[in-house]
Amino acid sequence: MEPVDPELEKRLKKIGVGSYSRHMLLCTSESCSGPSLDPHPSWDLLKKQLAERGLSPGAVYRTKCHCLRVCRQGPIGVVYPEGVWYQNLTPENLQKVILQHLVGGKPVDELVIGHNPL
């Protein structure tokens, strides 16, 4: 591996690169959630819950996406490395995913819409 720029190395360390066990991507496009459901409260909950549980930075990396190309029954999310795809991640449902999957390691079956493990 090539030597890393000191500022880049500092940033990578700050966000925990190299220590993650899971990565959650959450679509925040309103086109898949419909006009009646704002996806941003789900994103805010994910950030807050991971920080409060000491999972971010560190064990779980989170990424806000504009589109995961499902565009239906959103907010849509996916958790890697398991590759578990979720639908309808309202704050209430996302709370279940955080507790049961991101913390407990077990997918929330009633919200799963697909699998694509790495």
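Modeller: In this text helices (H or I, at least four residues) and strands (E, at least two) are DSSP runs, numbered from the N terminus. Asn93, for example, has its place in helix H4, residues 91-103. The model is a predicted one, in which local features need pLDDT of at least 70, side-chain atom pairs count only at pLDDT 80 or more, and totals for chains, interfaces and linings use all residues. Residues are numbered from 1 along each chain as its sequence is written, and side-chain values use heavy atoms, with hydrogens and water left out.

Colleague: Why does Asn93 count as buried?

Modeller: Buried means under 20% relative accessible area, exposed over 50%, and partly exposed in between (1.4 Å probe, protein chains only). Asn93 has a relative accessibility of 9%, so it counts as buried. Leaving aside neighbours within four places in sequence, Asn93 is in contact (heavy atoms within 4.5 Å) with Asn88 and Leu111.

Colleague: Which residues of H4 are buried, and what do they pack against?

Modeller: The buried residues of H4 are Asn93, Leu94, Val97, Ile98, His101 and Leu102. They pack against S1, helix H3 (40-52), S2, strand S3 (77-80) and strand S4 (84-86).

Colleague: Where does H4 bend, and by about how much?

Modeller: The helix bends by about 25° at Val97, the bend being the angle between axes fitted to the seven residues ending there and the seven starting there. Gly105, which follows H4, has a positive phi near 85°.

Colleague: What makes His115 exposed rather than buried?

Modeller: The relative accessible area of His115 is 58%, and therefore this residue is exposed. His115 is found in strand S5, residues 112-115. Not counting residues up to four places away in sequence, His115 touches Gly83 and Val84.

Colleague: Why is the aromatic pair of Tyr20 and Tyr61 called tilted?

Modeller: Rings of Phe, Tyr and Trp (its six-membered ring) pair if their centres lie within 6.5 Å; planes under 30 degrees apart count as stacked, over 60 as edge-to-face and the rest as tilted. A search of the whole structure finds one such pair. The ring centres of Tyr20 and Tyr61 are 4.7 Å apart and their planes stand at 40°, so the pair is tilted. Tyr20 lies in the loop between helix H1 (6-14) and strand S1 (22-27), while Tyr61 lies in strand S2 (residues 60-65), 41 residues apart. Tyr20 is partly exposed at 25%, and Tyr61 is partly exposed at 28%.

Colleague: How do you know that the side chains of Glu82 and Arg22 meet in a salt bridge?

Modeller: A salt bridge is a side-chain nitrogen of Lys or Arg within 4 Å of a carboxyl oxygen of Asp or Glu. For Glu82 and Arg22 the N to O distance is 2.6 Å, and their side chains meet in a salt bridge. Glu82 lies in the loop between S3 and S4 and Arg22 in strand S1, so the pair ties together parts 60 residues apart in sequence. Glu82 counts as partly exposed at 23%, whereas Arg22 counts as buried at 16%.

Colleague: How many salt bridges does the structure hold?

Modeller: The structure holds two. Glu52 and Lys48 also meet in a salt bridge, at 3.9 Å, N to O. Both lie in helix H3, four residues apart, about one turn of the helix. Glu52 counts as exposed at 52% relative accessibility, and Lys48 counts as partly exposed at 49%.
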